[in-house]
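Student: I am new to this structure. Can we walk through it one feature at a time?

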Amino acid sequence: GGSTSQQVGGRRLSTQRKPLARPLRDGRFLQGLATTTCVNTRDNSSALISCATQINDNGETCSNYLSWKDCDNACSLCACSTATGSTPEHCSGHGTCNATCDRYNCSGAACVCDEGWEGDKCDVQISTTTTTTTTATTCSNDDSTSDSSNGTCSTYYDYSPEDCGTMDDSDFNASKQCCACGGGNAAGSASQQTCYNDDSTSD
């Protein structure tokens, strides 16, 4: 540790030695110990064994911690980590962390967001707009016949719906023919027609 100085071209330069991450048993270094960019929530809980001890000495793997989410810094999962304090979390709780992991490290970490969320850490909700289309249905009166007082749907019942059915006769039915009475022809539907036999002659 400490610093050293050397004379170069009449100037004295100071060189600060950088601390190294603690080596693992196989000579590799535990990722993330030298520079912290996210938290190991396991290390923030006094009730749990540290990430370094679990991985170096107890045989746990970063493949496990990809799912457990509490050694993000140690396993290079900061690209997914939204953990704080002792609360583990990936992708803001709105996605899954996808990474390739071995015992000591993960690579290629990235969030795969749930439907309706986006952003590097799935922290942006996608706004949705629901459009409701209402198709108006128009009604046309059947004025082919008139009531017992010679009134038709358009000339009388449109203005006096309270009289619907009071002056029906053999060829007029207000509830079937008049829009104001709950009948009539909807746009696009076939016209209602009434057929009568002609019995004025015999065979």
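Tutor: Start with a loop residue. Cys38 sits in the loop between β2 (11–16) and α1 (51–56). Keep in mind that this is a predicted model.

Student: Is Cys38 buried or exposed?

Tutor: Buried means under 20% relative accessible area. Cys38 has 10% relative accessibility, so Cys38 counts as buried.

Student: Which residues does Cys38 touch, leaving out those up to four places away in sequence?

Tutor: Contact means heavy atoms within 4.5 Å. By that test Cys38 touches Asp72, Asn73, Cys78 and Ser81. Cys38 and Ala79 are 41 residues apart in sequence, and their C-alpha atoms are 8.8 Å apart in space.

Student: Where is Asn40?

Tutor: Asn40 is placed in the loop between β2 and α1. Its relative accessible area is 8%, so Asn40 is buried.

Student: What is Asn40 in contact with, aside from its neighbours within four places in sequence?

Tutor: The contacts of Asn40 are Cys51, Asp70, Cys71, Asp72, Asn73 and Ala74. Look at Asp72 there. A polar atom of the Asn40 side chain lies 3.4 Å from the backbone nitrogen of Asp72. Asp72 is also among the residues that Cys38 touches.

Student: Last topic: backbone angles. Which value of phi does Ser76 have?

Tutor: Ser76 is not a glycine, yet its phi is positive, at about 60°. Ser76 lies in the loop between α2 and β3. With a relative accessible area of 27%, Ser76 is partly exposed.

Student: And what about the phi of Ser92?

Tutor: Ser92 has a positive phi of about 60° too, and Ser92 is not a glycine either. Ser92 is found in the loop between α2 and β3.

Student: Is Ser92 buried or exposed?

Tutor: Apply the cut-off of 20% again. Ser92 has a relative accessible area of 19%, so Ser92 is buried.

Terms used
Residues numbered from 1 in each chain as written. Predicted model: local features only at pLDDT ≥ 70, side-chain atom pairs only at ≥ 80, totals over all residues. Heavy atoms only, no water. Helix = DSSP H or I, 4+ residues; strand = E, 2+ residues; numbered from the N terminus. Buried < 20%, exposed > 50% of the residue type's maximum accessible area, 1.4 Å probe, protein only. Polar contact = N/O pair within 3.5 Å; in protein donor to acceptor, adjacent residues only side chain to side chain.
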